Each structure stands twice: as C-alpha cells, then as structure tokens.
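Okay, thanks everyone for coming.

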Amino acid sequence: MESHFHLQSLIGYFSEHATLALAAVFAASFLEAVAVIGTVIPGSTVAFAGGMLIGLKVIDPWVTGGVAVLGAVLGDGLSYWIGHRYRDSIRSLWPISRHPELFDRGQAYFAAHGGKSVFLARFLGPLRAIVPVIAGMSNMRAPQFYAMNILSAFGWAVVHLVPGVLFGASLQIAGAMSTRLVVLLALVAVVVWLVLFVTRVGVRIAWPYVRTLQTRILLHATGRPGVLARLVLPLVDPARRESVPLLVAATLLIGGAWLFLGVVEDIVNNDTLVRVDRSIYEALQAIRTGWVDDVMVTITALGSAYVTVAVIAAVALWLAARRHWQTLAYWLAAVAFAELLVVALKYGLERRRPDTHYASVDLYSFPSGHAALSIVVYGFLAFLLGYHKPAWQKLALAVPAVTIPALVAFSRLYLGVHWFSDVIASIGLGLSWIGLLCIAYIHHVHEKPVRTLPMAIVVFTTFAFFGTVYAHRYHERDLGRYAKTTTIRVMALGDWIGHDWQTLPAARVEFRGQHEEPFSIQWVASEERLRSALAAANWRGPADWASAASLLWLIPATPIADLPVLPKLHQGQIATLTFLHSVDARTRNVIRLWHLADVTVDSAQTEPLWAGILTEEREQTEFHLAATARTSADNASARESLAAALRSQGLIVEERALGGRPVLLVR
C-alpha cells in the first residue's frame, strides 16, 4: 500500500475533474497571450501546475500539451487580429491606453527584431502580450506571423510543461519513499515561487513607488539649508551617477534596521513571534529525513567559520596585493564589526537555542552567526565586485550573493539549531550593515574599481577548496552534532516474544504520524547472521544508486532485478538494511529493515531487533521512457516464501497477528 497523504487526495480530486485542469491550462495559455491582459495572467505558473499533474499521471500529456499550444496560438492570434483591425487607434483603447510605456517597448522590440520578435517575445514577460498586436498593426504577413506563432507556442508549452512533469514525477517518487520528502519538495517549491514573486512585484510595483518618493524628496530637499539636506540629496538626485546604488543602499539600511529592531522588540516582550518560532521549529523537525539532513549539514558547513574565514582572508590578500588599501580597510571592518556585533548580541540577550545536541557547542542562538556573516561577507563582496560594473555583471554577482546566505539560513532552521526569529533578525542585521557600509564606501572611497573576474575566481576557488576540505574532515562529526535526539529501547528476549513485540511500531510512520506500509517482520539477530540467512535463501543486496545501475531506469526493457531499490523512510530515517529476491523478470520481493530496539538474549549478550516491511514490487514503464518498480498491495506470497526459507535453515519463525495483519517473528 502506498498512501501518499495529501498528495493522494490531490491526485484523486483532479482524476475526477481532469476537464477542470485542462480548461485551466487552456485559459491560462490563451489569456497570457491576449493584449495587455496577459501581463497579469500567471499562465506560466498554471502551465507548470498542469505539467505537475501530467507527472502525477492525473491528465494525459498529449492532450494537455495540445490544449496549451492551442490556447497560446489562439491568444496570439487574437492579439494579432486586434492590432490589424484597430491599428493606431488601438492606443486609445482600454487597457492599452493605461500602459503607453509598455506599448512603446513593444514597438521598439518589434522594430529591432522584426518577424522573429513574435517567437522571442513569447518568453519575455510583459512583451509577450504586446508584440503580436504590434505585428498586426505593422501589416506583418499572416503566414509569417502564424508560422512564428505556432513555433513559439510549441516552445512555450515544452518550456513550461516539462519542468512541471519532472516535478510531478519527483513528487510521485518522493511520495513512494516518504511523505516528508513530498512536504519538503513542496515547501522548497513554494519558497522559490514566493521569492521570485516578491522580486517581480518589487521590480514592477514597489520600485516605481520608490522612484516617486525619490522625486518628492528631491523637490523638498533642493535648495534647503542644513546638514540633513546635504546628506539626503546624494541619495535622491538622479543626476548623480551614484544616486541609484545609494538609494538601494539606503533602502537596505532602513528596511534591515526596521526588521532587526522589530524582531528584537518581539523577543524582549515575548510577543507573537516567539510562539511562531516554536510552531516553525516543530514543523521543520517533523519533516526531517536522513538524506536531507546530510545535505543540510553540508550546506551549513559552507557558512562555518572554517570556510568563511578562508574567504575573508583570500579577499584581504588579493586586495592587499592589488594595493586597494581603502577597500581592504572597509572589507576587514565589515566582517570584524559584524562578528563582534553577533557575539555581543548573543551574550547580551542570552537567548537559548532549541534543545538539540548543538546546544552543548554554542548555548546561545540570537542572532545566527552563520546567517549574519554569510550575508555580510557575500553581500558586501558582491557590492565591491559589481561597483561601477554593467548591469548584467551585477545580476550575475547578486545570484550567489543571495543564494548562499539563503541556503545557509534555511539549513540552520531545518537542523533545529536556531529559531525562526534568530534567522530573520540576522537577515535584517546583515542587510542594514551592508547598506551602511555601501553608503560610506560610495562617499569616501575613490580607488580604482576592483577587477571582477580575477577576484571572483579567487573567491570561488577558496570557497570550493575549503568547503570540500571541511566536509571531508568534519562531516561525520557534524552529523552527530546536528542529529535529532533518539534513544534505542532495550527489552528482554522473553518479554519481546511474550508481549513487547506488539508495542513496536505497527507500520512505517510518516509525516505527522501517518502510517504507510505495515511492518510485517521482526527479527532478532546480529547483522552478520541476518545477512548470512538471507543469502542462503537467495536474497541479495540491491544495486547501489551511486553506481551505473542508477541509469538503468532510463531503459524500459531493464529486468526489475537490475533496478536499484527505491529507498523508503520510517520516522525520517532510511532503512538500515535492504535486500531483494527475484521472482521473475518483472517481479521481485524486497525487505527493508530498521534497527528499532535491542534485545537482551542472556545476561552478557544483546542483539539488535530489526523490524521492517516485506513488499512485492512489479515493473512498470513510465510514459514508455523509463522503468520503475511499483509496490503491490499484497505481500502474502513473499511472506510465505521467506518464512519457509528461514525455517529450512533452522531459524524459529512464528506468525502472529497485530490489528488483523500477520507479522513474522524471527529468531
């Protein structure tokens, strides 16, 4: 049985309402291409969701693709007809009359690229709904327009549906492994979408308001005497080259300080945010898995002092070698003051960490040193490298400057060593300090700009080398530091046989206690004896996912015995031992075992108690492109075959019943 929690409910709903999903994909692809209206229609998001439903096998891929292409072609066709029908008078029509600047951009783009702009604009946000109108107004020949229109519609459908298909398929696979992984994937997808959405809204909506405010402040401050006017004018005067970076820096300073001080106030007053901290902590701890723990420990290591200090030293040496003495002074002051401020706040507020192993390493949590230092180091470094550089270089530098601190901050939350407010306060603290530094640097430093490429190579090499060395040396130690607290239960052999076997988990436990496949076997034996017994019964270990066998799923004709076994999790932990037994070319039996307790066999000997699931898996082809193994609901034949094989070796095998389900007790 593979119950996928809310994912299964989603699949069930859209399976019954497939027409609704197809209609949504058609409407989104159509409206996104309609003049002006398409600039506010989230067609890409809806198409991605449609692809996700394809990956979940809820709707047909070819029908969905056809619907998406048809909607896109008709939408552009309608825009083309509007432009051809109304020509120049279209400027006075609503809603085009409300967005003359967008119309001007579309005309300039069409003039620059000609007919191919119909294809290219499909993938360019606001222009996609304007260029077809311009094409109609410009008397572009209909055959040429529709050739570009249809080609772009196919390209648009592929670009937006395929990622959704892959994401939906990954949800399906993750759901078979662990509901926790589904929740985590969904959480990551939502966070990424929110970041992109907020960024887009900020650029399209908030920035114009900032510009309007800039103009008002400029008019108010111009010609006024006093120190305040002299300080404000460089920030808002568009005639000055530094006005935009100064305005951005001032926004970071004010916004970051407001965020940091607001969090401090809530913590001091024990306000609502403190209760939110506990809820977020418990929610993230509930979805922790062994695999993701491994990844998050690696990410958090990238924000450790070992790696960060190496990057700081490498940048300092490079600046000294190039004789950028003022920049070097700012660089060292930036990181030194940030570290001192973090330490002062930790020991000044004395806010204790969540109750984890890591609390013994560093007792206080507010603010997060990893998050704050990552923001300051990589944020200020991006400013130094991007100062007086082209916009594309600034954007390229901004991506890692945002991504690295964001991943480090999330890893601290996920691993449970910081409260949510610790991380939020660190973000505010880091941004405000960067804003202040940038303002001071722009005003007082007049050195030659730092060369971007050589220093970027130095930083990347240092980051990668020391991150790899740290992970190699200390990864296992850190896994222990950040591990969730667990205890191994100990019971006597007689108690286990008598009644304690019923107190062990009855099934694989998932997110929020959701029960998945029932545990159908409990086995008391050392790992060596267990392996030996299964080997004698023709059971073997599965192919390693890290080997070339992991690529065999791409070959639909691969025998199921050669496919790696899909891992499954219990309480967030992957099975300790996994074995498989081939039944035929398309069927296999699989045992997944977890070490749940220890059993005292005699006064001097304790052996592990393994409990796990025994399943039958059948090969299935996905979209005629890949081979997968799907779990069958019935494992009776696998259980009977295993019991007979173990009894033939002299092992004691008893079949008991728990909740109406058979359980094998082996010793």
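So, how many salt bridges does the structure hold? Nine, where a salt bridge is a side-chain nitrogen of Lys or Arg within 4 Å of a carboxyl oxygen of Asp or Glu.

Before I go on, the housekeeping. What you see is a predicted model, in which local features need pLDDT of at least 70 and side-chain atom pairs count only at pLDDT 80 or more, while totals for chains, interfaces and linings use all residues. Residues are numbered from 1 along each chain as its sequence is written, and side-chain values use heavy atoms, with hydrogens and water left out.

Now the overview. The chain has 22 helices and twelve strands; these are DSSP runs numbered from the N terminus, H or I of at least four residues for helices and E of at least two for strands. There are 667 residues in the chain, and 47% of them count as buried. For burial, I'm using relative accessible area with a 1.4 Å probe and protein chains only: buried is under 20%, exposed is over 50%, and partly exposed is in between. Contact, when I say it, means heavy atoms within 4.5 Å. Taking contacts with a separation of 6 or more, 71% are between residues 24 or more positions apart.

Back to the salt bridges. R529 pairs with E607, with the closest N and O atoms 2.9 Å apart. That pair links distant parts of the chain, since R529 sits in helix α21 (residues 527-536) and E607 in strand β9 (residues 605-622), 78 residues apart. R529 is partly exposed at 40% relative accessible area, whereas E607 is buried at 10%.

Then there's D500 with R489, at 3.8 Å from N to O. D500 is in the loop between α20 (493-498) and β2 (507-509), and R489 is in strand β1 (residues 489-492), so this bridge ties together parts eleven residues apart in sequence. Here D500 counts as buried, at 11% relative accessibility, and R489 is partly exposed at 34%.

R477 and D478 also bridge, at 3.0 Å from N to O. R477 is partly exposed, with 37% relative accessible area, but D478 is buried at 2%.

Okay, the nonpolar cores. By that I mean a set of buried Ala, Val, Leu, Ile, Met, Phe, Trp, Tyr and Cys residues joined through side-chain atoms within 4.5 Å. The largest has 58 residues, and the members touching the most others are V315, W331, V377, F380, F383 and M455. Which elements give two or more residues to this core? They are α11 (243-268), α14 (305-321), α15 (325-349), α16 (369-386), α17 (391-414), α18 (420-444) and α19 (452-482). The most comes from α16, with twelve residues.

Let's zoom in on W331. Not counting residues up to four places away in sequence, W331 touches I312, V315, A316, L319, V377, F380, L381 and L384.

That takes us to the helix packing. Two packed helices are described by the angle between their axes and the distance between the axes. The axes are lines fitted to C-alpha atoms, for helices over the stretch in contact, and angles run from 0 to 180 degrees between N-to-C directions.

Take α14 and α15: their axes come within 8 Å and cross at roughly 165°. That makes the two roughly antiparallel, the label for angles over 145 degrees. The crossing is left-handed, as the near helix is turned anticlockwise from the far one by less than a right angle, with clockwise being right-handed. I312, V315, A316, L319 and A320 from α14 meet a set from α15 that includes W325, L328 and W331.

On to α15 with α16, which pack at about 165° with axes 10 Å apart. They are therefore roughly antiparallel as well, but this crossing is right-handed. Among the residues making the contact are Y330, W331 and V335 of α15, and V377, F380 and L384 of α16.

Last stop, V666. Is V666 buried or exposed? Buried, at 0% relative accessibility, and it lies in strand β12 (residues 661-666). V666 and A525 are 141 residues apart in sequence, yet 8.4 Å apart in space, C-alpha to C-alpha. Leaving aside neighbours within four places, the contacts of V666 include W496, W523, L646 and L651.

That's my tour, so let's open it up for discussion.

Terms used: Parallel < 35°, antiparallel > 145°, perpendicular 65-115°, else oblique.
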